[in-house]
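Subject: A structure for you to look at

Hello,

Here is the structure I promised to hand over. Please open it alongside this email, and my notes on what turned up follow below.

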Amino acid sequence: MSKVAAWRTLAAQPARYAPLPAALHPLLHTVLAARGIEQLYCHQAEATVAALQGCSVAVVTPTASGKTLCYNLPVLHALLTDANARALYLFPTKALAHDQLAELTRLTTALDAHAPSAPLTPAIAAYDGDTPSAQRSRIRKQARLLLTNPDMLHVGILPNHVQWHEFFAGLRWVVIDEMHIYRGVFGSHVANVLRRLQRICRSYGSEPRFICTSATIANPTQLAERLIEQPVQLVQESGAPRGEKHIILLNTPLVDAEKGIRRAATLEAADLAATCIDAGLQTIVFGRARLTTELLLTYLRATLARRSSAYAAPETGDRAPVRGYRGGYLPAERRSIEHGLRSGQVRGVVATNALELGIDIGGLEAAVLCGYPGSIAATWQQFGRAGRTTDAALAVLVATAGLLDQYVLQHAGYIFEQSPEHALVNPDNLMLLVDHVRCAVAELPFQRDDHFGASPHLDDVLTLLDEQGEVHRHGDAIFWRGASHPARQVSLRSAGSDSVTIQRRAQEGGAGEVIGAVDQASAQMLVHDGAIYLHEGQSYAVQRLDLDALRADVTAVDVDFYTEAIAESDVDLLHCHAARATEHSVAAHGEVAVHEQVVGYRRIKRVTHETLGVYPLDYARRTLETSAYWCEIAPAVQQDLEAAGLWFDSVNDYGPNWQTQRAAVRARDYYRCSVCGAAEAPGREHDVHHKIPFRAFGYVPGVNDFYLQANRLDNLMLLCRTCHRRLETAGRLTTGLDGMAHLLSNLAPLYLMCDRSDLGAFVARGTPIGRRAESKPPAAAEVDFYTATAAAAHTETTRPTAAPSRTAPRVYLFERVPAGLGFSLLLYDLHDQLLSAAHEIVHTCACAKGCPACVGPVLDDQPVQLDTKRLTLALLERLV
């Protein structure tokens, strides 16, 4: 059976040209002509003309279409015609800024040759965390064109604006490259940084215009205008030529058709990349996450070593022909890899989306994507990394066995025909806004009737800061009270946490070496005690994670496994913003508190991916208040499924004999754990565990007496908390609601421009209908949410005043950002579309009882009555 799900050949496209704008400075005409450029691509000319007319511009054309000239020409024109003019270039990464500095310097050196009396090249500089301290004063005084990143602007430039007064007074242009990167939390932070920038510029008498460039997204104008809060002129018809490109969507072969198990995509992608490299194609392999990237690098090097004697004893370090590249590598490592790619010494690179951006890494001829990147826009960005000339190129998406990947392969139109997703930002997210108003008032006092961009919440935030004693009012002005600037306490890459450094332990008393970093929110998942951290293909065992010191100590090890953290979660509903009821379900969105705790980790063998063991962890529980969308199941649907024996999603009521049986088991096992023998501690009884899970028996109070079979003594065992947790986390039965949660959480990124990690899923199991009927009437604050909205079943939107009851079963999709960014409202609007797509996936999947491509992986020993696929399909058929 062919592994190729789709193969499209994009025909070569000739260039479309337009004349150089006559208004462009004559020196630019001369220098471009000397470089063989007598005319521009049509989009370059359109953008340049609009900018010369004083418009802010958004340029949205494919990778390698020459977007750089769209901003270099109008900016250099301004610098050449006005000696006081200044320009600021913002790139999402330092690497991209330094890459563009090299190209800009080549252009200005040619200009300086024709106008040596006022050279531009000395007035162009990069300014970031790698800039030596000795050079910073000179740059502040002399720079006319500054290349930096939002982080440095936020923490190093705006707080010290007095030292940059000439620069801000003359600022005419701000360039925002790779605008599509500025979405979600990062984009919302950057929008606030730009508010602060424009506020400072106004105080010095300047009003800069903006030029934004972006990969193809669905809402470039909306995103640009949300970021800069100015109208923009959109340029999106590319005139750049391209070579023929073959786009292949490749599925991995089935290993077990009944269970839907496929060969690991990492192995398939490594084999394909090795074939490309063997054939002489310089190749890039994209992995979706750090761990995937390091596994791919390990597999690719091993595959090449087996296939070719040239790679049997490969060079290491800077001379290695295959390198890794991702966030967490040190700057010197990344520069070395970029140079090796441009020179051709590095024949293959395995990267996260860190190389998705426009860094010049030479003419790559093949791109292999290990797994769907999560958005159509990112997919085409990564495809575009191959064929950055007019030569033919190859780009292959190797699908994983996961639901989203399989859905994309079965619906290839999503890649080739669907419009890319919307990029969302919410600069008025209150948690982010408060942080940036702090920074803004520390930079310049607020005056009466002052504003902060278009935010409607400035007065409320300033009142809050006043109540907290962080600012003080003097007449009509509001001043910062703090001794230091608050910017260093605000990370743009997250909702406010510092990073954890990863330090290799010193050998024989030497100094430890920092090999990488992770953000604090991810540390417990990636570098917990006992974790295997992978870096450039080398395994490091985490000896200790010290969250107080923000450091993880690691040692190099040689092992054939990796680790995966296990977390438990719970959700409390705080407030419902809107809901609508149908006959079968309620769709709603609102505010929730998500409680998560890392409770253990698995060791997983490389290549075979079998679980070698489960080990407990005991980190403190963390709480996140955020936004969520949820789907609640109507009582009639639950009752119907209970009667049909297709409902196993209620909170366990262990039956009237439970306390008796529990006491009997504790006495039988002599109050000791039956696994490790630990005795019960004073004040803490051990847990009584069902060998065959209680839920599998289908007990419904008032309907049957199946609890008697479930609570037989031979089905019960006494376990201490540690052993019980180890057993529970080793594998868990999945039910209809679990299958539905898996479907919805994996489908959501198809409609939102977000990563799967931006959303979490949680199943809230309800009480059986029989038990609800027997219980006393609920208090007013516990009224059933369905009852509160069912009366408005034919009303588009209602806002119930009562908090939903925890007795009703629900599937939550919550945002992993404090206060949320707006995804929940979109999911609420997409409710019917999501349910229909979920039903289609389960209905058409060829597996027997569930698989990663539909309801998620199921246990081999799952009881026959707990057929997850059948339960999920029955639920969705009633909801749809």
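The buried residues of helix α3 are K67, L69, C70, Y71, N72, L73, P74, V75, L76, H77, A78 and L79. That makes twelve of the 15 residues in α3, so the helix is mostly covered. Please keep in mind that this is a predicted model. The buried ones are L403, L404, D405, Q406, Y407, V408 and L409.

Now for the wider view. The protein has 880 residues, and 55% of them count as buried. It contains 28 helices and 33 strands. Its accessible surface comes to about 35900 Å², with 51% of that belonging to carbon and sulfur atoms. Among contacts with a separation of 6 or more, 74% are between residues 24 or more positions apart.

One sheet to find on screen is an open one of seven strands, in the order β1-β11-β18-β17-β14-β16-β15, with mixed pairing. Its edge strands are β1 (4-10) and β15 (322-325), each of which pairs on one side only. From one strand to the next, the twist averages 15 degrees. Helix α11 (residues 290-307) packs on this sheet and touches β14 (283-287), β15, β16 (348-351) and β17 (366-370). The direction of α11 makes about 180 degrees with that of β15. A6 has L249 in β11 as its bridge partner.

Strand β27 is worth a visit too. Of its 21 residues (585-605), 18 are buried, so β27 is largely enclosed by the rest of the structure. Which strands pair with β27?

- β26 (residues 561-581) pairs with β27 in the antiparallel sense over 19 bridges. A567 stands opposite V598 in β27, and a hairpin of three residues joins the two strands.
- β29 (residues 622-633) is joined to β27 by twelve bridges, again antiparallel. Here A588 has W630 as its bridge partner.
- β28 (residues 611-616) runs antiparallel to β27, with five bridges between them. G600 stands opposite P616. These two strands form a hairpin with five residues between them, and V607 in the turn has a positive phi of about 70 degrees.

What about the cysteines? A search of the whole structure finds zero disulfides. The sulfur of C845 has its closest cysteine sulfur in C851, 3.5 Å away, which is too far for a bond. C845 is buried, with a relative accessible area of 18%. C631 also counts as buried, because its relative accessibility is 0%.

Finally, a stop in a loop: T807 lies between α25 (785-790) and β33 (810-815). At 26% relative accessibility, T807 counts as partly exposed. T807 and R765 are 42 residues apart in sequence, and their C-alpha atoms are 7.5 Å apart in space.

Terms used
Residues numbered from 1 in each chain as written. Predicted model: local features only at pLDDT ≥ 70, side-chain atom pairs only at ≥ 80, totals over all residues. Heavy atoms only, no water. Helix = DSSP H or I, 4+ residues; strand = E, 2+ residues; numbered from the N terminus. Buried < 20%, exposed > 50% of the residue type's maximum accessible area, 1.4 Å probe, protein only. Contact = heavy atoms within 4.5 Å. Areas by Shrake-Rupley, 256 points an atom, 1.4 Å probe, with all protein chains shown as cover. Pairing = 2+ DSSP bridges. Axes fitted to C-alpha atoms, helices over the stretch in contact; angles between N-to-C directions. Disulfide = S-S within 2.5 Å.
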